[in-house]
Amino acid sequence: MSATTREELLWRFGKAEDPEVEARRQRILEVLLEASPQVQERLIEKGIEKGIEKGIGKGRLAEARAALRRVLARRQLALSALDDARIETCVELATLERWHDQAITATTASEALQ
């Protein structure tokens, strides 16, 4: 598909602010997808792949949090409520891994989470 065709389609059928127009646009998309099972299947496969990637990412974060907490507990470094909340809300795997490494030698939980 050429860039011009793509732009024209997006201009004609792009997301609309008017709820009535948006509902019509979504119905058009539904009808087109029903008429094209191959495209529908590709979109489903993409969604499944994204879901799997997201699930793996969440699982890695959960395991990193658990490993960090195990090291801190094993070293008898008590977590304050604030420190525990920081661990729970952290969504950066690299940060959790850094904290884990620091927890191995830190003298306090707060020091490990710097």
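The legends below describe close-up views of a predicted model.

**View 1. The largest nonpolar core and the residues that touch the most of its other members.** This core holds 15 residues, of which Leu-68, Leu-72, Ile-87, Leu-96, Trp-99 and Ala-103 touch the most other members. Two or more residues come from each of the helices α3 (37-74), α5 (93-103) and α6 (109-112), and α3 gives the most, with five residues.

**View 2. The surroundings of Leu-68.** When residues up to four places away in sequence are not counted, Leu-68 touches Ile-87, Leu-96, Trp-99, His-100, Ala-103 and Leu-113. Ile-87, Leu-96, Trp-99 and Ala-103 are named, together with Leu-68 itself, among the residues that touch the most other members of the largest nonpolar core.

**View 3. Asp-83, a buried acidic residue with no salt bridge.** Asp-83 lies in helix α4, which spans residues 81-89, and the nearest side chain of opposite charge, that of Arg-86, is 4.4 Å away. A salt bridge requires a side-chain nitrogen of Lys or Arg within 4 Å of a carboxyl oxygen of Asp or Glu, and Asp-83 has no such partner.

**View 4. The salt bridge between Glu-20 and Arg-24 in helix α2.** The structure holds seven salt bridges, and in this one the side chains of Glu-20 and Arg-24 meet at 3.7 Å, taken from N to O. Both residues lie in helix α2 (residues 19-34), where they are four residues apart, about one turn of the helix. Glu-20 counts as exposed because its relative accessibility is 57%, whereas Arg-24, at 48%, counts as partly exposed.

**View 5. The salt bridge between Glu-22 and Arg-25, also in helix α2.** Here the side chains of Glu-22 and Arg-25 meet at 2.7 Å, again from N to O. The two residues are separated by about one helical turn because they are three residues apart in helix α2. Glu-22 is buried, and Arg-25 is buried as well.

**View 6. The salt bridge between Asp-84 and Arg-69, which links distant parts of the chain.** The side chains of Asp-84 and Arg-69 meet at 3.0 Å, N to O, with Asp-84 in helix α4 and Arg-69 in helix α3, 15 residues apart. Asp-84 counts as partly exposed because its relative accessibility is 31%, and Arg-69 is partly exposed too, with a relative accessible area of 24%.

**View 7. A network of salt bridges formed by Arg-27, Glu-30 and Glu-34.** Salt bridges that share partners join Arg-27, Glu-30 and Glu-34 into one network. Side chains of opposite charge can pair when their charged atoms come close.

**View 8. Gln-76, a residue with a positive phi that is not a glycine.** The phi of Gln-76 is about 60 degrees, and Gln-76 lies in the loop between α3 and α4. Gln-76 counts as exposed because its relative accessibility is 73%.

Note on methods
Residues numbered from 1 in each chain as written. Predicted model: local features only at pLDDT ≥ 70, side-chain atom pairs only at ≥ 80, totals over all residues. Heavy atoms only, no water. Core = buried A, V, L, I, M, F, W, Y, C linked by side-chain atoms within 4.5 Å. Buried < 20%, exposed > 50% of the residue type's maximum accessible area, 1.4 Å probe, protein only. Contact = heavy atoms within 4.5 Å. Lys, Arg positive; Asp, Glu negative; His and termini not counted.
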